[in-house]
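Subject: Structure handover

Hello,

Here is the structure for you to look over. My notes on it follow below.

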Amino acid sequence: MAQNKNPFPFESADFITVKSAKGTHTFPNPDSCIQVSDIRVSLAGSPDAGGHIDVCLTADTSAVEWIKIRWNRPLPKRVMILGDAWERGYGDLQWRGISGSRFLPWYFLASTTDKQYGFGVKVRPNAMCYWQADTHGITLVMDVRCGGEGVLLGGRQLTAAQLVSMEEDTTDSFRFAQDFCRLMCTDPIFPDAPVYGSNNWYYAYGESSEAEICKDADYLMELAQGAKNPPYMVVDDCWQEHHRLDEYNGGPWRSGNHKFPDMKGLAEKLVQKGTRPGIWVRLLLNEDTAVQDSWRLSTNGCLDPTHPQALAYMKQDVRQICEWGYQLIKHDFSTYDLFGRWGFEMNPFVTGDGWHFYNQGVTSAEAVKMLYQAIYDVTKEYGVLIIGCNTIGHLGAGLMQLNRTGDDTSGRNWERTRRMGINTLAFRLPQHRTFFDVDADCVGITGAIPWKWNRQWADVIAQSGTPLFLSAKPGVLTETERGELKEIIKVAAAQEVHKTPLDWQETDCPEVWADADGQTTYNWYDEAGLTLQSNSLKYYAYIPLQ
């Protein structure tokens, strides 16, 4: 690991601002501790030799909303900055110049021609944290609300975040990014063996059956002939009791539907075919009448993880799936179900005002971690792996072995795969094997996307050493194409190659990937140019104007 040279003096803030339900208070040139009424904020610790600074908050009766810390120490003007995302990336991760209106969740990297900087909070903080950098200094905001209202700590001391920084004289921005991720996460968990396999979502899109899953497993085993370890066959959205295509994809999760009459039996069949069975679930959306209204969020009726009985109910859902014999659980939608926003709508706060969780004594970050911890505690008993999807990676590192780090790719539209998949693979790749294993999403093989694109997409995932999942509709590929895919799968099953993007500071869709053994150049663009279509979603978010 790189040495943490000349760490940023976090303990010497120029301003600290605290917002509570009673008002906003700003303290210039603060000491290591400030106090207003019953609210106390302190900075303590040592950043030397990889250490950190704790930002601690206490309050007796005040409802505290956020803390803002400002350091008027500017970065060099000729600098490129890379930020992270609240949850998944949406094709918008990239190195850019300084913009004071850009917010940077969790951490950011700054790069000059010969020096690299990193500023962040260690994983699993107790606040939703984002940074802002401008030509005059750096700001950190720690949202400690409980949902959309101030947290009521009742005298409890909360470590809102642990601040870390890093500086090194080097031109290797990617290796530096990996080292900084290791500094932020000192206790990651990983799969015992490389994870790869199949998930038929991107050709079935929720219309499937036990028989079709078994056929997919047979096809997967044909493609994986000669691979070093067994692939995973993941049953996606379609199996649950109340599944209604294009209408409802929630629970109950205690049994299958008429197309999936025996979930335990299906897991056993998948094992007999030579695969490892996996399954998808959306734990927080559940219309089971046994779930009481008091267990639900007031905003949307989803289960509230801060309610002890709701959390116990969800743990039993997970336990049931483990006891059926599924060896990997992909839990999805939890960020949206908790906060009512996708990552690109969190601008810059993760949720709106005027509501709180059942337990108003915990922050939103703590509520998220309660859910992740509960899932992990159950799966750990059974040796089952977790993939988080629409999860907050910075809160899940150490509580999940894999994380889907970008928005959906596609089996129908190459532009969506190019924008979402390649972008998240490249710019979240420093988190691979430092936070968890990163999953950049599937290769959708339906015949709608020419093989020349999907072949490259599958190859770059395999060459990066990250998990490769296919949604390969049987009968689509020619014999030659199947042969090419089989060779790619052999690489993916071993995960011994680890190419990284050389041109990630020059483009948001890197095409030159290399390791010590050589480099590969990809072409992601059609000669005729991009397909033109309108897009009503606002994927680029900025600190809003009042």
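Thr 405 touches Arg 88, Gly 89, Thr 424, Arg 428, Phe 436, Val 438, Asp 439 and Ala 440, leaving aside residues up to four places away in sequence. A contact here means heavy atoms within 4.5 Å. Thr 405 sits in the loop between β20 (402–404) and α9 (414–427). Thr 405 has a relative accessible area of 0%, so it counts as buried. The classes are buried (under 20% relative accessible area), exposed (over 50%) and partly exposed (in between), with a 1.4 Å probe and protein chains only. Helices (H or I, at least four residues) and strands (E, at least two) are DSSP runs, numbered from the N terminus.

Please keep the basis in mind: this is a predicted model, where local features need pLDDT of at least 70 and side-chain atom pairs count only at pLDDT 80 or more, while totals for chains, interfaces and linings use all residues. Residues are numbered from 1 along each chain as its sequence is written, and side-chain values use heavy atoms, with hydrogens and water left out.

Salt bridges

How many salt bridges does the structure hold? The count is 33. The term means a side-chain nitrogen of Lys or Arg within 4 Å of a carboxyl oxygen of Asp or Glu.

One network of salt bridges links Glu 87, Arg 88, Arg 404, Asp 407, Asp 408, Arg 416 and Asp 441. Arg 88 is also among the residues that Thr 405 touches. Arg 416 is partly exposed, because its relative accessibility is 30%. Asp 407 is at 7%, so it counts as buried.

Helix α9 holds both Glu 415 and Arg 418. They are three residues apart, about one turn of the helix. These two form a salt bridge, with the closest N and O atoms 3.1 Å apart. Glu 415 and Arg 418 are both buried.

Asp 353 forms a salt bridge with Arg 145, at 2.9 Å between the closest N and O atoms. This pair links distant parts of the chain, 208 residues apart. Asp 353 lies in the loop between α6 (334–339) and α7 (364–382). Arg 145 lies in the loop between β12 (137–143) and β13 (151–152). Arg 145 is buried, because its relative accessible area is 4%.

Backbone points to check

Two cis peptide bonds are worth a look.

- Gly 251 to Pro 252: the bond is cis, with omega near 20°. Pro 252 is in the loop between β16 (232–235) and α4 (263–272).
- Asn 347 to Pro 348: the bond is cis, with omega about 0°. Pro 348 is in the loop between α6 and α7.

Next, positive phi values.

- Asp 246 has phi near 60°, a positive value in a residue other than glycine. Asp 246 is in the loop between β16 and α4. Its relative accessibility is 77%, so Asp 246 counts as exposed.
- Asn 390 has phi near 55°, again positive in a residue other than glycine. Asn 390 is in the loop between β19 (385–389) and α8 (393–396). Its relative accessibility is 0%, so Asn 390 counts as buried.

The whole protein

The protein has eleven helices and 26 strands. Of its 546 residues, 61% count as buried. Among contacts with a separation of 6 or more, 73% come from residues 24 or more positions apart.

The radius of gyration is 23 Å; a compact globule of 546 residues would be near 24 Å, so the two agree. That radius is taken over C-alpha atoms, and the globule rule is 2.2 Å times the number of residues to the power 0.38. The C-alpha atoms fill a box of roughly 70 × 55 × 45 Å along the principal axes.

Best wishes
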